[in-house]
Amino acid sequence: MTWWDRDQFALRRPRLLARNAAMAAIRRFIADEGFVEVATPALQVSPGMEVHLKAFATELEEPFGQARRKLYLHTSPEFAMKKLLAAGEKRLFQFARVFRNGERGPMHHPEFTMLEWYRADADWSALIADCEGILRAALAAVPPALSRGALRWGGGAADPAGPFERLSVADAFRRHAGIDLFATAPDPLRPDAAVLATAARRIGIATQPQDSWDDVFFKIFLERIEPKLGLGRPTILHSYPAAMAALARLDPKDRRVAERCELFVAGLELANGFGELTDPVEQCRRFEADMATKQSLYGERFPIDEDFIAAVGQMPPAAGMALGFDRLMMCATGATRIEEVLWAPVAQ
């Protein structure tokens with residue numbers, strides 16, 4: 001049966017109208033906070049530098065017989081939006097269409113909508129109030145018959161009306177897995193996979209000899225920790241280990257951790273945020289290391305956007321967050337598959 005079958009579409013339409021209403025409500029909230037809405041190109045020199053993400057590649061043909069160039073559909077609008085920070089914008093947001101190859105399932109789609117925003121002269125803690133306002137605005141815009149007054153997923157529920165829970169990664173591992181994460185990583189930038197694997201096996205989680213520290217971390221996290229986050233109220237999980245900093249700066253008060261946070265609702269990750277790195281040398285070093293890992297795992301690497309590296313050195317101190325808007329709408333409307341909140345899916 002096609003997605004545009006009239007009867008099937010009629011079943012989805014209330015959620016789609018709720019999607020439009022929630023997007024409009026979020027736009028009003030974030031504009032009232034002094035943010036400017038921007039639009040940046042999906043075509044980029046580099047799609048993003050995440051080790052495990054796959055990208056869509058294409059070719060740009062310039063007029064008049066100029067050389068063709070390989071470009072990518074972005075996995076996030078992050079690089080272009082940070083260039084706008086370097087250009088002088090102080091608060092900016094975007095509802096961006098983003099693209100990730102090899103992803104399709106109940107919570108994933110090859111093309112989806114990401115709400116991304118940045119605050120200059122702020123740290124990651126400023127993002128928490130933004131998340132609170134965005135989730136409340138979205139839920140209030142959804143008819144009660146769909147939302148039932150909470151954000152829901154997989155049998156769990158979270159009410160965003162009150163303050164969000166704030167929980168460090170180390171505290172989450174102690175509380176839900178009984179593991180002292182720092183004891184397994186005496187060198188925060190080069191943690192020992194074998195030590196963490198021993199702790200994992202002690203609580204009944206199987207590991208493999210070739211597992212990296214990150215592999216073991218996520219086996220523990222996905223089985224013992226993530227399902228318990230954001231129950232009753234949303235959770236901001238913060239202070240990720242320094243080795244998992246990604247594009248975040250290290251915490252100047254505790255160099256074992258990075259200024260990285262994630263938002264969870266009813267055991268589902270909705271958003272990922274950083275106190276942004278503004279050191280171009282360190283940013284380039286991290287990209288090189290990530291692409292070396294990508295090459296070893298998948299036999300490919302993405303080019304480094306040198307223009308982005310230059311912009312990093314011109315950025316003000318800033319914090320930024322990327323939120324999966326479609327996932328938020330699933331939680332707000334009681335959908336169980338992402339296609340239920342998409343006007344049209346990517347063809348199969």
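**Helix packing, burial and cores**

Q: What is the handedness of the crossing of H6 and H7?
A: The crossing of H6 and H7 is left-handed. The model is a predicted one.

Q: Why are H6 and H7 called roughly parallel?
A: Helix H6 (residues 193-202) packs with H7 at an angle of about 20°. Angles under 35 degrees count as roughly parallel, and H6 and H7 are therefore described in that way. Their axes are 8 Å apart.

Q: What makes up the contact of H6 with H7, by residue and by class?
A: H6 supplies Ala193, Leu196, Ala197 and Ala200, while H7 supplies Trp213, Val216, Phe217 and Ile220. By class these are eight nonpolar, no polar and no charged residues.

Q: Which residues make the contact of H5 with H7, and how do they divide by class?
A: On H5 they are Val169, Ala172, Phe173, His176 and Ala177, and on H7 they are Phe217, Ile220, Phe221, Arg224 and Ile225. The contact has eight nonpolar, one polar and one charged residues. His176 is the polar one and Arg224 the charged one.

Q: How do you know that isoleucine 128 is buried?
A: Its relative accessible area is 2%, and buried means under 20%, so isoleucine 128 is buried. Isoleucine 128 is found in helix H3. Leaving aside neighbours within four places in sequence, isoleucine 128 is in contact with Arg166 and Ile236.

Q: Why does glutamate 165 count as buried?
A: Its relative accessibility is 16%. The cut-off is under 20%, so glutamate 165 counts as buried. Glutamate 165 lies in strand S9 (residues 165-168). Beyond neighbours within four places in sequence, glutamate 165 is in contact with Arg175, Arg233, Pro234, Thr235 and Ile236.

Q: What makes helix H10 largely enclosed by the rest of the structure?
A: Nine of the nine residues of H10 (residues 325-333) are buried, so this helix is largely enclosed. The buried residues include Asp326 and Arg327 as well as Phe325, Leu328 and Met329. Just after H10, glycine 334 has a positive phi of about 80°. The C-alpha atom of glycine 334 is 24 Å from that of isoleucine 128, and the two residues are 206 residues apart along the chain.

Q: Which members of the largest nonpolar core touch the most other members?
A: They are Trp117, Leu135, Leu263 and Leu323, out of 45 residues. Helix H3 (residues 126-141) gives the most to this core, with seven residues.

Q: What is leucine 263 in contact with, leaving aside its neighbours within four places in sequence?
A: Among its contacts are Cys131, Leu135, Phe164, Leu268, Met321 and Leu323. Pro234, Thr235 and Ile236 are also in contact with leucine 263.

Q: How many residues does the second, separate core have, and which are included?
A: That core has 25 residues, including Leu167, Ala172, Trp213 and Phe264. Ala172 also takes part in the contact of H5 with H7, and Trp213 in the contact of H6 with H7.

How values were computed: Residues are numbered from 1 along each chain as its sequence is written. This is a predicted model: local features need pLDDT of at least 70, side-chain atom pairs count only at pLDDT 80 or more; totals for chains, interfaces and linings use all residues. Side-chain values use heavy atoms; hydrogens and water are left out. A nonpolar core is a set of buried Ala, Val, Leu, Ile, Met, Phe, Trp, Tyr and Cys residues joined through side-chain atoms within 4.5 Å. Buried means under 20% relative accessible area, exposed over 50%, partly exposed in between (1.4 Å probe, protein chains only). Helices (H or I, at least four residues) and strands (E, at least two) are DSSP runs, numbered from the N terminus. Contact means heavy atoms within 4.5 Å. Axes are lines fitted to C-alpha atoms, for helices over the stretch in contact, and angles run from 0 to 180 degrees between N-to-C directions. Angles under 35 degrees count as roughly parallel, over 145 as roughly antiparallel, 65 to 115 as roughly perpendicular and the rest as oblique. A crossing is left-handed if the near helix is turned anticlockwise from the far one by less than a right angle, and right-handed if clockwise.
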